[in-house]
Amino acid sequence: MDVSTATYRRNPLTAGRIVDGQAFVITPDNNKLHSLNATATHLWVAAASGLTLPQAATALCDEFDVTFDTALADAARCMDDLVARGILVALA
């Protein structure tokens with residue numbers, strides 16, 4: 001799959017809540033509770049309606065004082081991690 005054109009969405013099988021600005025997500029395959037940092041929380045919230053990697057980078061630029069290139073690299077790492085943990089899914 002080409003990650004530059006993939007759309008990332010929340011895994012529909014997960015359950016999550018935001019408490020005091022931090023997301024807590026439970027993945028059903030391993031019944032594990034994941035606490036997300038500020039970047040991951042922001043991307044998890046944005047992924048509710050689906051977003052691409054460039055859209056994720058733009059969202060991070062809007063929220064944090066970073067350049068687009070830095071945001072793009074951070075978003076790619078974070079979203080790869082969230083997909084690996086089953087919190088997000090990547091759709092072609």
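Two strands are said to pair if DSSP finds at least two bridges between them, and in this predicted model isoleucine 18 stands opposite alanine 23 in strand S3. Three strands, in the order S2-S3-S4, make up an open sheet with antiparallel pairing, and helix H1 packs on that sheet, touching S2 and S3.

- Strand S2, residues 15–19, and strand S3, residues 22–27, are joined in the antiparallel sense over five bridges, and the two strands form a hairpin in which two residues lie between them.
- In the sheet, whose order is S2-S3-S4, S2 and S4 stand at the edges with a single partner strand each, so one side of each of these strands is left without a neighbour in the sheet.
- From one strand of this sheet to the next, the twist averages 20 degrees, and the direction of the helix packed on the sheet, H1, makes about 125 degrees with that of S2.

**Loop residues with a positive phi**

- Most residues other than glycine have a negative phi, which is the background for the two residues described next.
- Aspartate 20 lies in the loop between S2 and S3, and its phi is near 50 degrees, a positive value in a residue that is not glycine.
- Because its relative accessibility is 81%, and exposed means over 50%, aspartate 20 counts as exposed.
- Asparagine 31 is placed in the loop between S3 and strand S4, which spans residues 32–35, and although asparagine 31 is not a glycine, it has a positive phi of about 55 degrees.
- With a relative accessibility of 65%, asparagine 31 likewise counts as exposed.

**Helix H1 and threonine 41**

- The buried residues of H1 are Ala40, Thr41, Leu43 and Trp44, and because they cover an arc of only 165 degrees around the axis, they are on the same side of H1.
- These buried residues of H1 pack against strands S1, S2 and S3, against helices H2 and H3, and against strand S5, which spans residues 88–91.
- Threonine 41, a residue of helix H1, has a relative accessible area of 6% and is therefore buried, a term that means under 20%.

**Glycine 50, between H1 and H2**

- Glycine 50 is found in the loop between H1 and H2, where it is buried, with a relative accessible area of 17%.
- Leaving aside residues up to four places away in sequence, glycine 50 touches Thr7, Tyr8, Arg9 and Gln55.
- From C-alpha to C-alpha, glycine 50 and threonine 27 are 18 Å apart in space, and they are 23 residues apart in sequence.

**Helix H2 and its contact with H3**

- The buried residues of H2 are Leu53, Ala56, Ala57, Ala59 and Leu60, and seen down the axis of H2 they fall within an arc of 160 degrees, so they line one face of the helix.
- The partners against which these buried residues of H2 pack are strand S1, residues 7–10, helix H1, residues 38–46, and helix H3.
- The axes of H2, residues 53–63, and H3, residues 68–84, come within 8 Å and cross at roughly 120 degrees, and this crossing is right-handed.
- On the H2 side the contact involves Leu53, Pro54, Ala56, Ala57, Thr58, Leu60 and Cys61, which meet Phe68, Ala71, Leu72, Asp74, Ala75, Ala76 and Met79 in H3.
- Sorted by kind, the residues of this contact of H2 with H3 divide into 12 nonpolar, one polar and one charged.

Methods:
Residues numbered from 1 in each chain as written. Predicted model: local features only at pLDDT ≥ 70, side-chain atom pairs only at ≥ 80, totals over all residues. Heavy atoms only, no water. Helix = DSSP H or I, 4+ residues; strand = E, 2+ residues; numbered from the N terminus. Buried < 20%, exposed > 50% of the residue type's maximum accessible area, 1.4 Å probe, protein only. Axes fitted to C-alpha atoms, helices over the stretch in contact; angles between N-to-C directions. Left-handed = near helix turned anticlockwise from the far one by under 90°. Contact = heavy atoms within 4.5 Å. Nonpolar A, V, L, I, M, F, W, Y, C, P; charged D, E, K, R; others polar. Arc of directions from axis to C-beta.
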